[in-house]
Amino acid sequence: MARTGPQTQTGKIRLLGRNRAALEQFAAGRGQPPYRGRQLARWIYARGACDFASMTDLPALWRAQLDEEAEVGRATVARTQRSRDGTAKLLLELQDGQRVETVLLPYEDRTSVCISTQVGCPVGCTFCATATMGLIRNLDAGEIVEQVLAGREHAPSRSGPSVTHVVVMGMGEPLLNYEPLVAAVRLLHDEMGLSYRHLTVSTAGYIPGILQLAEEGLPITLALSLHAPDDALRAELIPMARRYPVQELMDAMQEYTRKTSRRVSLEYLLLADVNDTEPHARALARLLRGTITHVNLIPWNPVASFSQFQAPSSARVRRFRQVLERAGIAVTQRAERGQDIDAACGQLVIKEGVRREAPPIPINTLAGSHV
Ligand code: SF4
């Protein structure tokens, strides 16, 4: 059963985050036939209902009973910012007052939503705005899924099916919030009709999570943030990398591909003079020799508070790409979106209203001895 998340502020039972079987069980426990649970699932996930009053095909008496003891439990959208390029950044205020950011990316042929899995993040990547928050708390499955619901409601209506792709690349390291992540992925597929092949989970390289995900039988895309071809540089950029050597990551990646038949996509953030030189490109090409992979180059987005990093020149980006392509590696370059509203990769951070009731959780207490 999907996790139901924290106690609601009203003390009512929160239904968002429960899957169809759990909602059938919920209905049966109240003397209703199981199909009433399926109706609830349809209203909550397919139609995006926020309250029981709008569930017009449920009997009035059952709706009143539901209202007494339960709630859908949606967050509120506290702020919406739209970029010149159509990207929208939504600030969601969760039931306990914590806030997360969700980014909606409309393209010609599809609409993607980039969602968060944690409030803040414990990984501490030196280039990432979210890292400055530390980890405030994990999101539950309902809180992960409702970002897609909110994205769907804010998607431009002209684009056919409103949200077609979901990338789990927002705030947080998804694989350090494993069970809610997997429950949310199943809800997105089973209840919201998204294809597994259109779901991408991005990790900074938490190997135990990669291997666990490979066993789930979910044909989703895994994106691995590599950002450096060797252990020393990677550990400078991603502190967690000290525990997970690059070669072991490559092995985990191959294992993921073997088990799921899905190619792993490698994300490589280009930081001027840090990891964007020709020797870095050659080292990366050597590392990837013989693997079936695809590299997505992401030129650094300037963030005011990260003055130690500079955007790479376009000549450097071009050269880096050429070296990889000449080595037979498939390369794409991420088109930057939403920079004017701080919605681009690495720019998500809650600047105000963070409620920190406890000190940030140290990373080495999060997942046993793995991290
Ligand atoms: S880049 Fe990702 S994993 Fe690293 S600190 Fe930022 S949100 Fe966390």
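Me: Which residues of the largest nonpolar core touch the most other members?
Reply: In this predicted model, a nonpolar core is a set of buried Ala, Val, Leu, Ile, Met, Phe, Trp, Tyr and Cys residues joined through side-chain atoms within 4.5 Å. Buried means under 20% relative accessible area, exposed over 50%, and partly exposed in between (1.4 Å probe, protein chains only). The largest such core holds 112 residues, and those touching the most other members are Leu40, Tyr45, Met55, Phe127, Ile220, Ile238 and Leu324.

Me: Which helix gives the largest share of this core?
Reply: Helices (H or I, at least four residues) and strands (E, at least two) are DSSP runs, numbered from the N terminus. The largest share is eight residues, and these come from helix α5 (residues 178-190).

Me: From which domains does this core draw at least three residues each?
Reply: The domain bounds come from an automatic or database domain assignment. At least three core residues come from each of domain 1 (14-71) and domain 2 (76-365).

Me: Is glutamate 146 buried or exposed?
Reply: Glutamate 146 lies in helix α4 (residues 141-154). Its contacts (heavy atoms within 4.5 Å), not counting residues up to four places away in sequence, include Arg14 and Arg74. Because its relative accessible area is 2%, glutamate 146 is buried.

Me: Is serine 261 buried or exposed?
Reply: Serine 261 is in the loop between α8 (246-260) and β12 (264-270), and its phi is positive, near 60 degrees. Most residues other than glycine have a negative phi. With a relative accessible area of 64%, serine 261 is exposed.

Me: What is the mean pLDDT of the protein?
Reply: Residues are numbered from 1 along each chain as its sequence is written. Local features need pLDDT of at least 70 and side-chain atom pairs count only at pLDDT 80 or more, while totals for chains, interfaces and linings use all residues; side-chain values use heavy atoms, with hydrogens and water left out. pLDDT is the predictor's confidence in each residue, from 0 to 100, and it stays under 50 over residues 1-6. For the protein, 86% of residues reach 70 or more, and the mean pLDDT is 88.
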